[in-house]
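The following report describes selected elements and residues of one structure. Please consult the sequence and coordinates alongside the text.

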Amino acid sequence: MSFLGNQTVLRISNIVKKFPGVVALDGVSLELYSGEIRSLLGENGSGKSTLAKVIAGIYSPDSGSIEIEGRSVRFTSPADAIRYGIFYIPQNPSLIENLTVTENILLVSKSLGLLTKVDKVREIVNEEVSKLGYQIDPDTEVSRLSYTQKQIVELVKASLLGAKILIVDEVTTYLPKVVRESFYRYMRHMKDEGRTIILITHKISEAVEVADRITILRSGVVAKTLEREEFDVDLIRKLMFGERALPTRKEHLENYTLASNRREKVELARLDNIWANDDSGNIALRGLSLKINRGEVLGVAGISGNGQKELAEVLVGLRSIKRGHYYLDGAEVTNRGVKAIRTAGVGFIPEAPLYYSFSGDLSLVENVAIASSNNFLIRWGSLATKVREFMNIYGISVSSPKALVKVLSGGNVMRLAIARELELSKKMLIAYNATRSLDEMFSETFLNTIRMLARRDNIAVVYISESLDEILAVSDKVAVISSGKIVGLFERESVDRETVEKLMVM
Amino acid sequence: MVRVGFVVTRRTKQNILMSTPVVISGSLVLGLLISYVIIWITMGIDIISFFGTFYQTITSYTGLLEPFVFLAMIGTAITIGFYGSFWNVGAEGQYVMGMLGAIFLTMFSPLNSIFTQDNVLLATLTKVVVVIFGGVLGAFWSLIPGALKAYAKVTEVPVLLLMNYIAYSISDYLTAGPWKGKYTYGYIRTDQIPESARLTTIPGLEMLRYEVLAAIVLITVFAYVLLEHTTLGLKIKFLGTNPVALKSSGYDDKVVTLLTATLSGFIAGLAGSLRLLGYDFRLPYNIGDGKTGFYGYTAILVAWLSFRNIRYVLISALIVASLNSFGYRMQMLLKGLLPPGLSAYAISLVLIGVTLVVYTIVRVLKEYSIKLVIKT
Amino acid sequence: MPKQETLYAVLIILVIVAGVVGYFVGSSSVPPPTTVTVPAGATLTQTVTRVSTVTTTVAPYIIPPEKIKAAWIYVGPIGDLGWSYMHDLGRRVVEKLFSSWLETTYYESVSEAELLSRIDELVRAGYSVIFTTSFEFMEKTYEASKKYPNVMFFHCSGYMRRENLGTYFADLYQVYYLNGLMAGALTKTGKIGYVAAFTIPEVIRHINAFAIGAKEVGEQLGKNIEVYVVELGAWVAPDKAVDAVRYLVDVVGVDVVAFTEDTSAIVEYAQDLYRKGKQIYVFGHYGPMYEYGPDVVVSGQLVRWEVIYADILIKIKSGVLNPTNLNNVDYWYLLNSGAVELGAHVFENGSVMMVNPKFVAELKGIYVRDKLTGEMLSVYDLVLRRYEQMKYAALLLPLQFSALTHGLENVTYIDIGGKEKKYLVSAIFDPFTGPLDGWCLYTGEKAFTEYCKKATTVSIAAGKRLGHHDLWNMDWFVSWVKYLGTR
């Protein structure tokens with residue numbers, strides 16, 4: 001363990017940032033020290049991402065000040081922040097897809113007048129990557145890298161370019177345990193070099209595992225900053241969620257599992273030897289077959305990029321099937337379009353609702369209407385009432401049903417998607433990385449709801465996720481997907497974590 | 001080292017001074033002031049006659065009504081397209097097709113005989129058919145780029161522009177060839193449509209026709225109800241903002257694209273057939289040479305000014321129409337001062353251009369606040 | 001917030017509607033502007049009370065206006081040297097000349113579709129004499145004259161008239177004939193080109209006159225004269241015009257070009273060819289185009305609309321013309337009136353250069369016979385002789401003012417008895433005198449003349465001079481004109 005708190009690197013005072021209808025940050029003050037890993041923890045909409053973006057120069061605060069090493073600064077763009085050594089690694093990698101790893105790094109380093117030689121960069125990249133215990137060819141095009149690999153390149157890039165403060169925004173949330181650990185190792189290594197790392201997460205376990213200090217944000221203000229020796233999961237949860245804090249996961253889930261299982265298996269949908277391409281025309285699903293039963297949660301586990309996205313899209317009808325058959329509720333729906341599947345009572349909760357489900361430029365009520373209004377004339381009154389109910393039940397904080405979806409925080413968008421789609425899931429629900437931007441508490445509620453749907457309403461759930469923890473927690477049956485095929489299928493009773501992890505990376 | 005930067009932030013509070021109607025009318029005033037300065041510098045017109053002329057323009061309903069109704073109709077057509085990201089720069093061609101449809105039915109089809117009889121009721125009903133047929137041709141003209149966009153992923157803008165020229169050429173071919181008139185004294189143009197096929201002038205409002213008035217009311221109400229109260233309108237809005245969300249809600253984005261194109265073209269076509277029956281009565285040769293008044297192009301500015309908001313189309317059309325006829329009226333003021341080669345149309349363009357630039361800047365300022373930061 | 005916005009929108013629209021309605025109500029109680037002053041006691045049926053049932057047979061007593069506000073509406077831009085430019089020149093002349101009582105304005109580049117709006121604006125601004133200067137404006141001007149019975153309209157080149165709508169025209173056919181004489185002398189190939197805006201009677205007349213002149217000279221010099229016509233379908237179309245000339249020169253092989261198009265594009269193109277070593281001869285049209293092609297312009301046609309405008313305005317000012325008596329006002333001014341001129345250049349002192357000095361020597365060196373007298377003279381002298389013959393027609397001018405007397409324009413002599421016996425009425429010479437053979441461009445129900453309604457060819461007997469009606473409706477080409485269609 002290195003010496004902590006030797007020097008204040010960054011001091012922010014009284015930062016206020018408002019968005020239409022929402023106060024995201026309401027006077028946040030914070031000090032960061034050199035050579036520490038600081039975790040910013042908070043539930044959805046607590047302001048942690050906004051704070052990170054203010055530090056990174058992406059947002060400019062309405063008021064308040066930022067000091068770096070004692071000097072007051074004012075960023076007008078991310079480039080300004082980079083000049084002060086502040087790097088932001090977003091959830092979605094921002095590398096240029098059709099350049100190689102080396103070129104991507106050169107692009108930024110040249111503009112900073114640092115490294116300009118191709119060979120030198122290539123050498124350093126190799127060296128740094130190997131520190132992570134990873135292999136990435138510096139001459140590969142970024143588009144060929146996996147999500148994890150891309151994020152590693154981002155880290156390496158920041159480190160090479162002399163990052164003093166590194167902001168890692170929800171990057172590690174879904175990484176497999178092994179990879180996550182090597183990530184942590186690299187972060188600790190950077191910390192030992194005297195750099196500061198801000199780790200943004202909504203997973204308490206992750207923060208506890210790696211951080212030196214945890215700063216908990218709640219409703220746009222700092223609830224508390226905890227030193228390592230003060231770490232306590234229950235305390236943290238209380239600070240994050242206040243009185244709404246729930247009992248821990250296990251006992252809660254057990255309630256449902258008890259009443260489960262002993263039900264006759266009735267098939268609702270079946271995929272037969274499905275072949276499909278991804279967006280760039282490469283084969284993504286290679287003869288995938290799957291049976292989906294009523295009243296059963298079928299978890300699909302796998303490492304990102306193994307065909308999960310395409311599987312979800314095939315199930316909802318968005319992606320055309322090249323070969324194979326898809327039966328739903330006794331009828332063949334192969335390439336019959338989304339409508340045939342949706343009207344059969346299928347809900348779809350995707351990982352990026354603003355891409356798949358909603359139009360950010362339209363209002364909440366319009367976004368609900370598009371999926372549920374069947375008449376020629378829309379009855380706005382009753383829809384608005386419905387949206388208000390959604391807002392109450394799911395805790396969506398926004399001024400009115402007529403507010404635009406784009407003003408919602410990521411978590412609130414997901415809640416709205418869940419609200420809308422659960423209602424549409426009369427027979428089947430397809431969830432794809434649905435909890436990615438949800439905080440722990442709401443994730444819990446959501447997982448419970450899913451189980452309840454299956455148990456009580458006899459609905460089939462396909463739960464596709466990159467988080468094995470969640471899959472193990474929620475599924476009646478676990479399928480493992482790898483390279484576009486199902487490589488393993490386990491009943492809940494017989495599932496074994498190690499076997500699954502092995503199959504995932506096979 | 002001193003560096004200058006701009007801090008751009010999205011506004012959180014909606015200032016009442018920044019509400020859309022205020023933005024539109026404010027831009028108009030500011031645009032006029034700037035235009036005045038330009039005209040004053042180049043030609044030295046005093047401010048009283050400048051704004052006096054503007055006042056005369058906006059209070060003279062006769063000169064204003066006619067461009068207003070056509071800009072409003074076509075502006076509505078284009079705005080519907082804009083809602084669905086169907087950038088209908090082809091309204092001009094659809095308008096011409098509407099004219100062709102109208103003259104075809106009234107002069108060169110069996111329906112012609114109806115207008116030579118004395119049956120007023122029958123003639124009136126036939127006129128409705130003729131007007132709608134113009135709309136249908138306009139819709140067809142818009143459907144071609146629409147279908148190419150939906151099924152072949154061809155960007156619609158260049159196709160639409162091209163379709164304008166094809167429409168001009170078809171019109172010129174017919175006017176110089178099979179449709180060339182008998183009573184044109186050697187000129188290349190069609191004959192005029194029969195008296196009984198023409199629309200009825202409203203006494204006291206000579207530049208308006210009863211049928212045109214009815215059409216503008218119907219079209220406005222239709223567009224408003226469509227976009228604000230129907231599922232189809234909602235689908236068009238989704239098509240324009242996130243077609244994937246439209247698809248995953250179970251709708252075919254291709255079909256909605258086609259419908260958007262059809263509706264947009266239909267209304268532009270209606271404007272064309274109404275124009276022919278109510279005002280022009282015949283097709284001229286070289287129709288692309290400004291003989292359409294370029295309403296189809298000018299109306300793009302109307303749609304831009306109302307920016308995907310059907311509620312502001314009428315007021316935008318009024319503004320563009322005012323600036324347009326203000327430009328013409330300026331000629332009387334500027335007589336002899338205009339440099340050779342500069343016509344009234346140029347003055348209109350200066351007025352419209354300056355106002356739209358101001359409007360665009362004000363719109364940005366409405367959404368974002370921009371602060372200047374000087375760093376040392 | 002949206003609610004508030006809607007409220008604002010509604011408010012603004014209401015204010016506008018209120019304004020418009022208010023204005024409408026206000027203006028309907030104000031009588032429209034009028035040039036006619038009616039003294040107390042007298043009644044004028046055309047004034048404010050449109051539904052007046054009291055019709056009086058007492059002729060209204062009309063006081064001529066103190067001041068006149070006159071407006072011109074042009075179809076094209078006034079920047080080019082063609083049609084609209086020359087009309088505007090006329091306007092500028094009368095505006096200056098009559099500055100003590102005349103105020104003028106104009107609209108340029110007005111399309112037929114916009115005409116009524118523009119007229120509305122002018123009337124509203126108090127203009128009571130309106131000149132519309134394009135054939136295309138005819139029907140709409142007629143409509144406007146019905147709408148504004150107290151405003152005087154004058155339409156150039158049309159034939160529809162009312163009590164407050166007169167017509168006027170200054171025709172160039174005699175000048176084209178003179179141009180043709182020179183063309184026949186200068187052409188080497190015998191092939192002559194003509195770029196026509198439209199094949200309307202006016203232009204057909206010009207082409208025929210030009211062709212008649214060319215043949216009169218060319219035939220005597222042993223050339224087989226043929227005139228090739230390309231139609232543009234537009235008055236202002238510089239690009240198309242140049243394309244047409246290029247076709248005529250490169251493909252057909254013409255070396256002389258005359259045209260009816262309202263820009264100097266053809267002249268500039270010919271000058272350009274000259275610089276590249278190819279000499280073709282052109283004739284300027286309408287405006288003084290010599291300066292654009294000093295090496296290629298032989299002569300041309302000029303117009304002086306101010307002659308007609310001055311006449312009209314003086315007659316309005318002096319009470320001769322008023323909104324009740326324009327039914328037969330139909331100016332048809334030829335070379336004798338001074339409203340048209342031979343030439344392509346006006347010197348600083350105001351005199352006209354009839355023939356480009358560069359070509360004078362050549363024209364003076366070519367000898368032909370005058371077909372009227374049989375004597376030999378140079379082409380240059382023939383041109384001057386014919387010019388004078390047509391220019392001198394003193395009695396013609398009053399006949400050219402009214403539709404009632406147009407029928408007398410082709411009367412060469414009348415017998416008044418006594419010592420004078422043979423009295424010269426019109427010009428001694430006119431190009432449209434038989435024998436002439438031609439073919440009909442328009443036939444059957446599309447034709448305008450009796451000749452072409454009945455047959456496809458035209459034959460004018462020797463010695464017969466065509467009358468106003470024949471000239472005005474000309475729908476046939478003389479036999480050596482070849483029509484190449486629209487390009």
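The structure is a predicted model, in which local features need pLDDT of at least 70 and side-chain atom pairs count only at pLDDT 80 or more, while totals for chains, interfaces and linings use all residues. Residues are numbered from 1 along each chain as its sequence is written, chains are lettered from A and ligands numbered from 1 in the order in which they are written, and side-chain values use heavy atoms, with hydrogens and water left out.

Asp295(C) belongs to the loop between strand S9 (281-284) and strand S10 (297-303) of chain C. Helices (H or I, at least four residues) and strands (E, at least two) are DSSP runs numbered from the N terminus. Neighbours within four places in sequence aside, Asp295(C) is in contact with Gln271(C), Tyr274(C), Gln279(C), Lys358(C) and Phe359(C), contact meaning heavy atoms within 4.5 Å. Its C-alpha atom is separated by 9.8 Å from that of Val267(C), 28 residues apart along the chain.

Chain C as a whole contains 14 helices and 22 strands. Of its 487 residues, 57% count as buried. Among the contacts in chain C with a separation of 6 or more, 70% come from residues 24 or more positions apart.

| Helix | Residues | Number of residues | Span, first to last C-alpha | Expected span |
|---|---|---|---|---|
| H7(C) | 238-252 | 15 residues | 20 Å | 21 Å |
| H5(C) | 173-186 | 14 residues | 20 Å | 20 Å |

In H5(C), 14 of the 14 residues are buried, so this helix is largely enclosed by the rest of the structure. In H7(C), the buried residues are Ala241(C), Val242(C), Ala244(C), Val245(C), Leu248(C), Val249(C) and Val252(C). They cover an arc of only 160° around the axis, which places them on the same side of H7(C); the arc is that of the directions from the helix axis to the C-beta atoms. Asp239(C), Asp250(C) and Val251(C) are exposed on the other side of H7(C). The cover over the buried residues of H7(C) includes strands S6 (191-196), S7 (226-231), S8 (256-259) and S22 (481-486), together with helix H8 (265-275), of chain C. Gly253(C), with a positive phi near 90°, follows H7(C).

Leu382(C) is located in helix H11 (residues 379-391) of chain C and counts as buried at 0% relative accessibility. Not counting residues up to four places away in sequence, Leu382(C) touches Leu181(C), Glu216(C), Val217(C), Val368(C), Asp370(C) and Leu377(C).

In chain B, the axes of helix H8 (residues 210-229) and helix H9 (residues 231-241) come within 5 Å and cross at roughly 70°. That makes H8(B) roughly perpendicular to H9(B), a term for angles of 65 to 115 degrees. The contact involves Leu226(B), Leu227(B), Glu228(B) and His229(B) of H8(B), and Thr231(B), Leu232(B), Gly233(B), Ile236(B) and Lys237(B) of H9(B).

In chain A, Thr100(A) occupies the loop between strand S6 (86-89) and helix H3 (101-111), and at 14% relative accessibility Thr100(A) counts as buried.

Definitions and conventions: Axes fitted to C-alpha atoms, helices over the stretch in contact; angles between N-to-C directions. Parallel < 35°, antiparallel > 145°, perpendicular 65-115°, else oblique. Expected span 1.5 Å × (residues − 1). Buried < 20%, exposed > 50% of the residue type's maximum accessible area, 1.4 Å probe, protein only.
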